[in-house]
Amino acid sequence: MDTSTTAAAREDPPAHLTLIVDLNPLQWQLSSQASNDIPLSLSQFLAQLLIFVNAHLAARDDNTLAVIGALPGYSVMLYSTDDSQPDTEAPARHQANSFQPFRMVDGSITSRIQEEMEKSTELDSKNDRGLVGAITKALCHINRVNLLSVAITNNPESTSAVAPPSSQSPRMLILSVSPDASTSYIPLMNSIFAAQKLKVKIDVCKVFGADTVFLQQAAYLTSGSYLVLERRDALLQYLSMCFLPPASLRKVLATPSTDQVDFRAACFCHKKVVDIGCDVMFNMRDSVPTSDVEEAWIQPSARRASQWPVKA
């Protein structure tokens, strides 16, 4: 590593990490089945994830964290360093072999996940709105932190530890176990474009299941990393080596990159991912004949969207 890279790493601004944890009960039940090559239960996953969270907070004392849960039908803020409550636990209950701030973070995240998982047992596990809501909530939280930082910058007498927006490096890490939901294509793409405008990198770690087309596009369009776990029992190693280093160090590390990105879109008509479609009004129709599609690509303005043939 050269001297300039080392100096850049030392001067790297504090990082704000937003974790989006996919808490779909059905998918975690499938992930923990003994029939899998490497079963991974939610409790085993959380044990490794909390170590990664503690490592992020320990890297710099001014690093910040937000954890958002994506559940079937809704999303919820599980933890935020900006809204964390002071320690009210009696000194006698403190454990001498544990670092109390880490213990508070671990306990808060674990208890909130347990509460939300108990609530979501009666919900439809196929509802696909939770991830989009979690990404939107994460972007709103990042924007709120930036606005608060502007106010602190304009007020030199403030004693808050929040860093100015120019010295923050926000990024998002999605831990996914659910398949693609084509009905959420448009709101998900809108969230990706908003992340681009805010210059927020979206990293994706596919913990269980097949590749997700839309999350591949999210990582690619925001200059993030997309990783599919080959060995799920080494989750902590993947998180530490691929997603813990700051942006300045990623230039010299062999971070995961996607050679081929699936840019397929979702059809508006039947809510399915299609290989070919029309570009008129950004409306993907899987029922368009190939000859008509080729004509549209050559002369995209020659035909209105209402003139495309539709299945009866």
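This is a predicted model: local features need pLDDT of at least 70, side-chain atom pairs count only at pLDDT 80 or more; totals for chains, interfaces and linings use all residues.
Student: Where is the place of serine 223?

Tutor: Serine 223 is in the loop between helix H7 (213-221) and strand E6 (226-228). Helices (H or I, at least four residues) and strands (E, at least two) are DSSP runs, numbered from the N terminus. Residues are numbered from 1 along each chain as its sequence is written, and side-chain values use heavy atoms, leaving out hydrogens and water.

Student: Got it. Is serine 223 buried or exposed?

Tutor: Serine 223 counts as exposed, because its relative accessibility is 52%. Buried means under 20% relative accessible area, exposed over 50%, and partly exposed is in between (1.4 Å probe, protein chains only).

Student: And what's up with the phi of serine 223?

Tutor: Serine 223 has a positive phi of about 60° although it isn't a glycine. Most residues other than glycine have a negative phi.

Student: What about the phi of lysine 199?

Tutor: Lysine 199 isn't a glycine, yet its phi is positive, at about 60°. You'll find lysine 199 in the loop between helix H6 (185-198) and strand E5 (201-206). Lysine 199 counts as exposed because its relative accessibility is 72%.

Student: OK, on to E5. How many of its residues are buried?

Tutor: Five of the six residues in E5 are buried, so the strand is mostly covered.

Student: Which way do E4 and E5 pair, parallel or antiparallel?

Tutor: Parallel: strand E4 (residues 169-176) and E5 pair over six bridges. Two strands pair if DSSP finds at least two bridges between them. Methionine 172 stands opposite isoleucine 202 in E5.

Student: What do E4, H6 and E5 make together?

Tutor: They make a right-handed β-α-β unit. A crossover is right-handed if, with the strands pointing away from the viewer, the path from the first strand over the helix to the second runs clockwise.

Student: How many bridges join E5 to E6?

Tutor: Three bridges join them, and the two strands run parallel. Cysteine 205 has leucine 227 in E6 as its bridge partner. The chain goes from E5 through H7 to E6 in a right-handed β-α-β crossover.

Student: Switching topic: what does glutamine 27 touch?

Tutor: Not counting residues up to four places away in sequence, glutamine 27 touches Val177, Ser178, Pro179 and Phe208. Contact means heavy atoms within 4.5 Å. Glutamine 27 is found in helix H2 (residues 25-31).

Student: Why does glutamine 27 count as buried?

Tutor: Because the relative accessible area of glutamine 27 is 12%.
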